[in-house]
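Open the model in your viewer and keep the selection panel at hand. This tour moves from one selection to the next.

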Amino acid sequence: MSDFYEQILSLRAIRDYEKRPLSSEDLDAILEAARWTGSSKNRQDWSFVVVTDHDRLQGLAECGDFTQPVRDSAVTIVLVREPGGNDFDLGRAAQNMMLAARAIGVASCPITLHRSAEARQFLGLASDQEARYAVAFGYPSADAAPRKFGGRKDRARVVRYDRG
Ligand SMILES: Cc1cc2nc3c(=O)[nH]c(=O)nc-3n(C[C@H](O)[C@H](O)[C@H](O)COP(=O)(O)O)c2cc1C
């Protein structure tokens, strides 16, 4: 099996990061992966807000309930759904960023901004821009590990053939 396939299967949310910024090369690589994601009708109705300032990260973290990874991250990228966009496309962009990050040694964790109206205001977005999801990134700390309860349902429970 290819290394690429192994990386897909073993991608996990990592929440413990080193306290150092991402290099601009690594950040650019992650953003390129987002930008090149395929989208419905290639509309690319998205934008990406990059938050690196420590105080801004703490403020952004107030917009969700499980946001310690944002507080600890080197950078958190908010996925903005622009008018006409959809969450399927945003999810693809998030996963592409996470896989690209993994490929260059950067750990990541998806984040829900439960109070997305607050996030919109905090980021200075317009009323028709939605900021519900983000991804936190950082170089994994030496003891970084995925959560132990991160197994998956058996294939037989989630896959059906020919009919639902
Ligand atoms: C849409 C979505 C939102 C998530 N939101 C959060 C979050 O707010 N905080 C967090 O710590 N993890 C969040 N996660 C990470 C999940 O908890 C994690 O992917 C899941 O427990 C499986 O763990 P694993 O990815 O390490 O296998 C989110 C994941 C997804 C897909």
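Which polar backbone atom is 3.3 Å from a nitrogen atom of the ligand? Select the ligand and look towards Pro-110: the backbone atom belongs to that residue.

Before going on, some ground rules. This is a predicted model, in which local features need pLDDT of at least 70 and side-chain atom pairs count only at pLDDT 80 or more, while totals for chains, interfaces and linings use all residues. Residues are numbered from 1 along each chain as its sequence is written, and side-chain values use heavy atoms, with hydrogens and water left out.

**Stop 1: the ligand**

Stay on the ligand. A nitrogen atom of the ligand lies 2.8 Å from a polar backbone atom of Phe-66. Now show the side chain of Arg-152. One of its N or O atoms is 2.8 Å from an oxygen atom of the ligand. On its own the ligand has 620 Å² of accessible area, and the protein covers 65% of that. Accessible areas come from the Shrake-Rupley method with a 1.4 Å probe; for residues, only the protein chains shown count as cover.

Next, select the shell around the ligand. The surrounding residues are Arg-12, Ala-13, Arg-15, Phe-66, Pro-69, Cys-109, Pro-110, Ile-111, Thr-112, Tyr-133, Gly-150 and Arg-152. Colour them by type: seven are nonpolar, two polar and three charged. In this scheme Ala, Val, Leu, Ile, Met, Phe, Trp, Tyr, Cys and Pro are nonpolar, Asp, Glu, Lys and Arg are charged, and the others, Gly among them, are polar.

Which strand gives the most to this shell? Strand 3 (residues 107-112) does, with four residues. Helices (H or I, at least four residues) and strands (E, at least two) are DSSP runs, numbered from the N terminus.

**Stop 2: along strand 3**

Select Ser-108, which sits in strand 3. Ser-108 counts as buried because its relative accessible area is 1%. The classes are buried under 20%, exposed over 50% and partly exposed in between (1.4 Å probe, protein chains only). Beyond four places away in sequence, Ser-108 touches Arg-12, Ala-13, Ile-14, Tyr-17, Met-98, Val-135, Ala-136 and Phe-137.

**Stop 3: strand 2 and its partners**

Move to strand 2 (residues 75-81). Six of its seven residues are buried. Strand 1 (residues 46-51) runs antiparallel to strand 2, and six bridges join them. Two strands pair if DSSP finds at least two bridges between them. Pick Phe-48 and find its bridge partner in strand 2, Leu-79.

Keep Leu-79 selected. Opposite it in strand 4 stands Tyr-133, a residue that also belongs to the ligand shell. Strand 2 and strand 4 (residues 130-138) pair in the antiparallel sense over six bridges.

**Stop 4**

Select Ser-116 in helix 6 (residues 116-123). Buried or exposed? Ser-116 counts as buried because its relative accessibility is 12%. Its side chain makes a polar contact of 3.1 Å with the side chain of Glu-130. A polar contact is a pair of N or O atoms within 3.5 Å; within protein, one must be able to donate a hydrogen and the other to accept it, and residues adjacent in sequence count only if both atoms are side-chain atoms. Leaving out neighbours within four places in sequence, Ser-116 is in contact with Glu-130, Ala-131 and Arg-132.

**Stop 5**

Go to the loop between helix 2 (24-35) and strand 1, and pick Asn-42. Asn-42 counts as exposed because its relative accessibility is 52%. Check the backbone: phi is positive, about 55°, although Asn-42 is not a glycine. Its side chain joins that of Gln-44 in a polar contact of 3.1 Å.

Asp-45 is in this loop too. At 18% relative accessibility, Asp-45 counts as buried. Draw a C-alpha distance to Pro-83: 6.7 Å, across 38 residues of sequence. Contacts of Asp-45 outside four places in sequence include Val-80, Arg-81 and Leu-90.

**Last stop: Asp-162**

Finish in the segment after helix 7 (155-158), at Asp-162. Asp-162 is exposed, with a relative accessible area of 85%. Its phi is positive, about 70°, and Asp-162 is not a glycine.

Terms used
Near = heavy atom within 4 Å. Contact = heavy atoms within 4.5 Å.
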